[in-house]
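Here's a quick briefing to read with the sequence and the 3D view side by side. Take it one topic at a time.

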Amino acid sequence: MHRKNEVCRVCGGRTFTKFLELGDQPLANAFLTAEQVKAGKEDKFPLDVYVCHGCWHAQLLDVVSKETLFSHYLYFSTTTKTMPAHFASFAKEVADVHTKKGDFVVEIGSNDGILLAAFDPRERRILGVEPATNVAEFARKERAIPTMNRFWTPETATEITRDLGKAKVIISNNVIGHIDDLAGVTKGVKILLEPDGTWIWEAPYLVDLIEKNEFDTVYHEHLAYFAVHPARAMLERGGLKLVDVKRFGIHGGTIRVYAKHEEAPDEPSAEVQKLLALEKSMKLDTPEPYLALGERVKKLRTDLNQMLADLKAQGKRIAAYGAPAKGNTLLNYCGIGAQVLDYAQDTTPVKQGLYTPGMHVPVVHPAEFRKSPPDVALMLAWNYEREILEKEAEFRKRGGKFLIPIPTPRLV
Ligand code: TMP
Ligand code: ZN
């Protein structure tokens, strides 16, 4: 179920600095039933982040098998308002700028089909590749998105090319960082991508993670924490070329990376040069900024626990707002459990009625929050801060407060 890599996934280097030690943790999406909580058996794996001295790629070396992680998946992209809007604009860009009528668009890790659903099926041919059977089925049945229930491998790419031809655009949203075999990913892209096609992928940006102490975005599924510099190294190793990059606020800070075959005539854009210079100025090619983050995260844990203890001492009722995967990293690392939190409210139906991995906080329907609001809501889904503050205007008007833990704990 678990093994430890000895070499860097991007450059094969063997020298690392370990800069975040989040302890042995259960899988962040492994919510438990009451029976499982009672049985008391829960698998835990080391959650440590390393940076490679060869290419400065930040990564996990502890790898949980992909079958364990992804065959059945509780993450559905569509549960919020923010993400569908982001995906709609992404799809529009792909349709307007990168493809024309009849072109073939493939998405790796298409989840519930939310992004592909934004394409007009009479204008573009679309295909999703999604390893989680339950999520792939949802995309097919509920959204009528052609979806292959498979992991992304060179074999998958070969099969698609044989049956459906090459793709003008390959998209991947927050999936490349989930895959251990990065060389296999780029190999598959090389096979399926048309000679003048574009591979466009998004991943959380390491610069944002460091600047905003977003340590909770670390969990076993996320093997990679990309900066532009190592992303370029990964592409070049795979016979591809980095041509453009854009920054977005989504998920606490995201980069959208545009790559072509190495033979393409395109030159890297000014934005690529700008972000490479930014990373250099932050000294991301030295251990210091990583180790400094490690120290800030320890302090965050102390400060957050102090604030929660003070609130409890004042007799305040506290609940978690959202039960996202990253919330479980935060709760487990800080040791915040059911003695502090009455419940965690979450809009995702499959999570409701279950208990959070590790700390065993019961997950409830948002109606519970309406019926029995706490005094303070710990905002674990802080990446939707604006959406949540807007939605909960009533709670706030009646004196309810949000405790937002990232980048540093504060009451709102
Ligand atoms: P994500 O950060 O991985 O997208 O997950 C967000 C989680 O937060 C997801 O489980 C849904 C939950 N959530 C709520 O419960 N209420 C909300 O208003 C929002 C925006 C998210
Ligand atoms: Zn490396």
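**Around the ligand**

In this predicted model, a side-chain N or O atom of Lys351 sits 2.8 Å from an oxygen atom of ligand 1. That is a polar contact, meaning a pair of N or O atoms within 3.5 Å; within protein, one must be able to donate a hydrogen and the other to accept it, and residues adjacent in sequence count only if both atoms are side-chain atoms. The protein covers 97% of the 490 Å² of accessible area that ligand 1 has on its own (Shrake-Rupley method, 1.4 Å probe; for residues, only the protein chains shown count as cover).

- Lys326 also puts a polar side-chain atom 2.8 Å from an oxygen atom of ligand 1.
- For Tyr384, the distance from a side-chain N or O atom to an oxygen atom of ligand 1 is 2.6 Å.
- There are 19 residues around ligand 1, and Lys326, Asp346, Lys351, Tyr384 and Lys391 come nearest; a residue is near if one of its heavy atoms lies within 4 Å.
- The shell around ligand 1 splits into six nonpolar, eight polar and five charged residues. Here Ala, Val, Leu, Ile, Met, Phe, Trp, Tyr, Cys and Pro count as nonpolar, Asp, Glu, Lys and Arg as charged, and the others, Gly among them, as polar.
- Helix H13 (residues 385-391) gives the most to this shell, with three residues.

**Overall build**

- The protein has 14 helices and 19 strands; these are DSSP runs, numbered from the N terminus, with helices (H or I) of at least four residues and strands (E) of at least two.
- Its radius of gyration is 21 Å, close to the 22 Å that the globule rule gives for 412 residues, so the protein is as compact as a globular protein of that length. The radius is taken over C-alpha atoms, and the rule is 2.2 Å times the number of residues to the power 0.38.
- Along the principal axes, the C-alpha atoms fill a box of roughly 65 × 50 × 40 Å.
- Of the 412 residues, 57% count as buried (under 20% relative accessible area; exposed is over 50% and partly exposed in between, with a 1.4 Å probe and protein chains only).

**The cores**

- The largest nonpolar core has 128 residues, and Phe119, Trp199 and Trp201 have the most contacts inside it. Such a core is a set of buried Ala, Val, Leu, Ile, Met, Phe, Trp, Tyr and Cys residues joined through side-chain atoms within 4.5 Å.
- Helix H10 (residues 288-313) supplies the largest share of this core, seven residues.
- A second, separate core has nine residues, including Phe45, Val64, Leu69 and Phe70.

- Most residues other than glycine have a negative phi, and most peptide bonds are trans.
- Trp56 has a positive phi, near 60°, and lies in the loop between strand E3 (45-52) and strand E4 (58-60). At 13% relative accessibility, Trp56 is buried.
- Asn111 has a positive phi too, about 50°, and is buried at 7% relative accessibility.
- The Ile406 to Pro407 peptide bond is cis, with omega near 5°.

**How to read the numbers**

- Residues are numbered from 1 along each chain as its sequence is written, while chains are lettered from A and ligands numbered from 1 in the order written.
- Local features need pLDDT of at least 70 and side-chain atom pairs count only at pLDDT 80 or more, while totals for chains, interfaces and linings use all residues; side-chain values use heavy atoms, leaving out hydrogens and water.
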